[in-house]
Amino acid sequence: MDLTDVEGDGGEDTNILLSDPDITVAELEAVSNALQAPRLSSGPTAEAFEAEFAAYLGRKYAVAVPSGTLGLLYTLKAYGIGPGDEVVCAPYSFRETVHAISLSGARPVFADIDYWAGTLVPEKAEAKITEKTKAIVAGNTNGHPAPWAAFRELASKHRVALIEDSTEAIGSRYKGALVGTFGDTSVFDFSQPFPLVCGEGGMVVTDDIDVAVALRRFRSHRPDERSSVVVSMTAPYQGAMSDVSAALGLTQLRRVEEILEQRHTVEHLYLKYVQSFEGIKDPFIGPDVTEVNWFLYVVHLGTRFSKSSRDSIVDDLKLEKVESVAYSNPLHLQRHYFDLGYRRGDFLVTEKVADRAVALPFHTHLSEDEIEFIVATMKDASINVGAGAAIY
C-alpha cells in the first residue's frame, strides 16, 4: 500500500498526524461567543466548566488551571509540600506532570512500574517511603488505571496524601468508578493529544474544602479580591484558565462520551491489523479495570528490539509521513533528575518498557485505510531490526 492510496487528494504532501482534535461546529460557536463576551478571563464560563467537571466525576470541587503540571504544583502547595519534603512517584510518564514536584522544591523519589500496566507498583512505592514522605503521586498511565485500592490502603497506613495523576486519562474506570475519583486530589490535563482538549489547560478536583480554597488562592486573585488583606497573604501564581479556553473545554466535556466512543472504534481497527504483527506485546487491561480509554495507541516491541532499533522504526514512519513518537524518555534519565543522582539501571522495568514503546497516531479522524497503512509501514520497518522477536 502506498501513502497516496490513503491520503486521497492530499497526496504525498499530507501527513498522518499523531493527534487531531475532534472539533465541531459546537466548539467553534462556543469559542466565538466567548470572544464576544465582556470578560475573557476570570469569568462565568470558567466557573461553569469547573461546576460541570466536578459533577461529571461526582467530586465536590473542581479548580480550572493552565496545565496539568501547574495543577499538580498548586496541589503540592495546597498540602504545604515544599523544600525538605519527599514525594513518591513513577519515572515513567509522557506528560511529565511530576516536574511539578521539583518546581515545588520537594524531592521526587522514584519507584518502578508494573511491566504490563505501566503504572506505579504499590509495593515498590511503599519501599521508598520515609519520614520525609508527604505524598504519593500515582498516575493512570496512558489511560490505564492504577491499582487504587492498594494505593488508598498504603496512603492511609502511612498518613500521606494520595494524589491521582489523571493527566493521561479521562473516562477510564477502575472497579466501575471513573478515574479522578480515587485521589485525595486528582489532576487532569486538556492539551493535545487528549480526547478532551481546550488548547492548554487542566483541572484539579477534590472533596476537601480546605484544599479547594488553597488551590484557588495559589492559582490567582480575581479582580474583586485585589484589595483583600486575607487573600493577599497567599502569593498567587496568577495562572488561571481563560473563558475562551473554558468555552472550548466545556463544550468538549459535553461531548466526551461521543468522542471516547469514536476513539474506541479507532482502537478496535488498530487491534484488527496489529494482531498479525508478531513480536509485540498485546494491549493489557488489568483484572480490576472496568474500562480503558487510551491516551495514545502504544505498541510495545519485543525484547530483542533495542532502543536504537525502536528509534529507527520511528524514523522510518516519519519518512512515510506518519507522525509517531517514542513513549517515553524516562524521567530519571533526563538531565535534571540525573543531577539529583539517578542513573540508568535504577529502574529496570521502566527502562525496558520505555526503550521499546512506540506511540502511533490516535484520534477520531483516522480512517481504516490509514490505520492499515500505519501498521503495515511499521511492520516493514521492523524487518531489518528484529521482527518476530520474543515478546517478553
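This is a predicted model: local features need pLDDT of at least 70, side-chain atom pairs count only at pLDDT 80 or more; totals for chains, interfaces and linings use all residues.
Student: Let's start with A117. Where is A117 found?

Tutor: Look between two elements: A117 sits in the loop that joins β3 (107-110) and α6 (122-126).

Student: Is A117 buried or exposed?

Tutor: The idea is to check relative accessible area, where buried means under 20%. A117 comes in at 13% relative accessibility, so A117 counts as buried.

Student: Which residues does A117 touch, not counting those up to four places away in sequence?

Tutor: Those are T141, H144 and F284. Sequence and space can tell separate stories, too: A117 and I285 are 168 residues apart in sequence, yet 7.1 Å apart in space, C-alpha to C-alpha.

Student: Okay, now helix α12. What about R310, is that one buried or exposed?

Tutor: Use the cut-off for buried again, under 20%. R310 is found in helix α12, and its relative accessibility is 2%, so R310 counts as buried.

Student: What is R310 in contact with, leaving aside neighbours within four places in sequence?

Tutor: Its contacts are L301, A326, Y327, A354, D355, R356, A357 and V358.

Student: And how do I read D316, in terms of relative accessible area?

Tutor: Partly exposed covers the range between buried, under 20%, and exposed, over 50%. D316 lies in helix α12, residues 307-319, and has a relative accessible area of 31%, so D316 is partly exposed.

Student: Which residues gather in the patch of negative charge on the surface?

Tutor: For this kind of patch, think of like charges joined within 9 Å. Here D316 gathers with D315, E320 and D380 in a patch of negative charge on the surface.

Conventions
Residues are numbered from 1 along each chain as its sequence is written. Side-chain values use heavy atoms; hydrogens and water are left out. Patches are made of residues with over 30% relative accessible area and no salt bridge: like charges are joined within 9 Å, nonpolar side chains (Val, Leu, Ile, Met, Phe, Trp, Tyr) within 5 Å. Accessible areas come from the Shrake-Rupley method with a 1.4 Å probe; for residues, only the protein chains shown count as cover. A salt bridge is a side-chain nitrogen of Lys or Arg within 4 Å of a carboxyl oxygen of Asp or Glu. Lys and Arg count as positive and Asp and Glu as negative; His and the chain ends are not counted. The place of a charge is taken as NZ of Lys, CZ of Arg, CG of Asp or CD of Glu. Helices (H or I, at least four residues) and strands (E, at least two) are DSSP runs, numbered from the N terminus. Buried means under 20% relative accessible area, exposed over 50%, partly exposed in between (1.4 Å probe, protein chains only). Contact means heavy atoms within 4.5 Å.
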